[in-house]
Amino acid sequence: MSVSYIVPVFHYVMQRFHGALDDLAPYLGGSETVAELHQQVDHRSLLWIVRTTIVGLTFWLLQGRLLVGNWSRMVERSTESYVAFVMDFGPIFVWVILTMTVRALFENAQLFRRLTRELKLDVFNPATFTPIGRMAVYSTLTIVGAIAIFPVMWMDGQLNLWTTVPGLATMSPFIVVLLVLPVLPVHRRMREQKRAAIADVQQEINEQRADGAKQNASEQLRLLALRREIAALPAWPFDVSAIARFAGYAIVVPLTWAGAALIEMLVYVILD
């Protein structure tokens, strides 16, 4: 079930990464072409796949040892029945896909962080920064949605923390990392631009007030309104409406599955 959620959501997020690059293309000033950036988003070498698969297998082996006690016992138990085999070896696919997903999202977050250095950011133009914030939130919500599926592992009515703790411990830090990595540099630049713009307007207001003989009431009101509008500009590159729409897709579905798992577990407890 984890795989059936992560694969389509990851595909959707990767498509949104390409869309974000197209949106940012007019404001990028680096030497790389947009086509090269698109290739970096979804192209992974065979060596990358092999290394990531090895990491995923390592996580699976560690979790298996925590659950069963030793690997020989895990192999022995898996031969007892088809269900035992699926329970012991099925998580291989989950760990490998989760590891690939998290690594790909992390590398794309690094790519967008690098692009922020050459981005022609304009705090007055949301098109220059909202794609970065949007992709950071999409990546984060993908991990949040995957974590929300973990209670499904309790559907047999037996709670074993080792079925969920390794995944939670591995993926939870990336909730913060994927959000902060590309967004924080943009936030700092937006904050500095706001401060500079407010300072310029304030200087004009001070000059108007100092020249009492030539004070213009309408000009004073215009400058005061302009200062207020600049102060109200966002300091974070987020598009709230787009984030809310994706959150409904990325989180509600796994939470529904998790709720069904918890209800089934409760029924088992009541019947027992």
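This is a predicted model: local features need pLDDT of at least 70, side-chain atom pairs count only at pLDDT 80 or more; totals for chains, interfaces and linings use all residues.

Trainee: Which element of the protein chain has the highest mean pLDDT?

Mentor: Over the protein chain, the mean pLDDT is 79, and 76% of the residues reach 70 or more. Among the elements, helix α10 (residues 240-250) has the lowest mean, 59. The highest mean, 89, belongs to α6.

Trainee: Where do the buried residues of α2 lie around the helix?

Mentor: Of the 272 residues of the protein chain, 37% count as buried. In α2, the buried residues are Leu37, His38 and Val41. Seen down the axis of α2, these residues fall within an arc of 100°, so they line one face of the helix.

Trainee: Which helices each supply at least two residues of the lining of the second largest pocket?

Mentor: The second largest pocket has a volume of about 200 Å³. Among its lining residues are Phe10, Val41 and Met100. The helices that each supply at least two lining residues are α1 (2-24), α2 (34-42) and α6 (91-118).

Trainee: How many residues of that lining are charged?

Mentor: Asp42 and Arg44 are among the residues that line the second largest pocket, and both count as charged. The lining also holds nine nonpolar residues and one polar residue. The number of charged residues is two.

Notes: Residues are numbered from 1 along each chain as its sequence is written. Side-chain values use heavy atoms; hydrogens and water are left out. On a 1 Å grid over the protein atoms alone, a cavity is a set of points where a 1.4 Å probe fits but cannot get out, and a pocket is an open set with protein on both sides within 12 Å along at least five of seven lines; lining residues have an atom within 4 Å of a point. Grid points are joined across faces, edges and corners, and a volume is the space filled by probe spheres set on the points. Helices (H or I, at least four residues) and strands (E, at least two) are DSSP runs, numbered from the N terminus. pLDDT is the predictor's confidence in each residue, from 0 to 100. Buried means under 20% relative accessible area, exposed over 50%, partly exposed in between (1.4 Å probe, protein chains only). The arc is that of the directions from the helix axis to the C-beta atoms.
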